[in-house]
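The sequence and structure are shown first.

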Amino acid sequence: AVMPDTETCAAFHAQNQWVRAGGVVLFGADFFAALPVAELNSYFQVESAVYNRSVPGLSVFEAEQLLDVCVLELHPSKVFVNLGERDFTAASLETVEAAAAQLEWLLYQIHSRAPACELILTSVLQDGAAAELYNGALRDLARSCGCRFLDLTPAAGRADVARKAYSLLK
């Protein structure tokens, strides 16, 4: 996992001055960072402002350091969270539990500082036992924290995944 440099954080902070409160924030790592947000907004005719504050390589264990600049400064109405895809490689229950516990802390931080914001947890798209364990933990976490869970795994290709995620933005 790679922590974003101060230049990246400064760039996000500078962009945040042009943000309209009440928009939608995508906060994640590789998959979200690669989404062509402008094109998807146009294609799906999304009326909400959508801000992508995802960082390639971001670990769930490093994400708390970015909460202000990537989420809270934007005063969003909705936040899609897609973290954890970089945090496990083997089906280690200990690693999955640690990542889920860290994500629960992040959700608490967002909820306590932006209580009106709707939080949507999205599944990771990896294959394998660890990803299945983690996605199960995410589903349980969403239920216990009062968030929505968006399972992207049944979607076949990247376009299907984007379509499924964007269906919740309208």
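By about how much of a helix are Arg143 and Asp140 separated in helix H6? The two residues are three positions apart in H6, which corresponds to about one helical turn.

## Basis of the values

The model is predicted: local features require pLDDT of at least 70 and side-chain atom pairs count only at pLDDT 80 or more, whereas totals for chains, interfaces and linings use all residues. Residues are numbered from 1 along each chain as its sequence is written, and side-chain values use heavy atoms, with hydrogens and water left out.

## Salt bridges

Four salt bridges are found in a search of the whole structure; the criterion is a side-chain nitrogen of Lys or Arg within 4 Å of a carboxyl oxygen of Asp or Glu. One of them joins the side chains of Arg143 and Asp140, with an N to O distance of 3.2 Å. Arg143 is exposed at 59% relative accessibility, while Asp140 is partly exposed at 43%. Here buried denotes under 20% relative accessible area, exposed over 50%, and partly exposed in between, with a 1.4 Å probe and protein chains only. Helices (H or I, at least four residues) and strands (E, at least two) are DSSP runs, numbered from the N terminus.

A further salt bridge pairs Arg148 with Glu118, whose closest N and O atoms are 2.9 Å apart. Arg148 belongs to strand S5 (residues 148-150) and Glu118 to strand S4 (residues 118-122), so the pair ties together parts that are 30 residues apart in sequence. Both are partly exposed, Arg148 at 37% and Glu118 at 27%. Arg139 and Asp151 also form a salt bridge, at 3.0 Å between the closest N and O atoms. Arg139 lies in helix H6 (residues 129-145) and Asp151 in the loop between S5 and helix H7 (158-166), so this pair links parts twelve residues apart in sequence. Arg139 is partly exposed at 33%, whereas Asp151 is buried at 19%.

## Surroundings of Ser54

Ser54 is located in the loop between strand S2 (50-52) and helix H4 (67-70), and is buried, with a relative accessible area of 9%. A polar atom of the Ser54 side chain lies 3.2 Å from the backbone oxygen of Leu26. The Ser54 side chain also makes a polar contact with the side chain of Asn52 at 2.8 Å. A polar contact is a pair of N or O atoms within 3.5 Å; within protein, one must be able to donate a hydrogen and the other to accept it, and residues adjacent in sequence count only if both atoms are side-chain atoms.

## Nonpolar cores

The largest nonpolar core has 38 residues, of which Phe27, Leu58, Val71, Val79, Leu83, Leu103 and Leu121 touch the most other members. Such a core is a set of buried Ala, Val, Leu, Ile, Met, Phe, Trp, Tyr and Cys residues joined through side-chain atoms within 4.5 Å. The largest share of this core, six residues, comes from H5. Apart from it lies another core, of 14 residues, among them Leu26, Phe31, Phe44 and Leu150.

## Helix H3

Within helix H3 (residues 37-44), Val37, Leu40, Asn41 and Phe44 are buried. These residues cover an arc of only 100° around the axis, which puts them on the same side of H3; the arc is that of the directions from the helix axis to the C-beta atoms. Ala38, Glu39, Ser42 and Tyr43, on the other side of H3, are exposed. Gln45 follows H3 and has a positive phi, near 50°.
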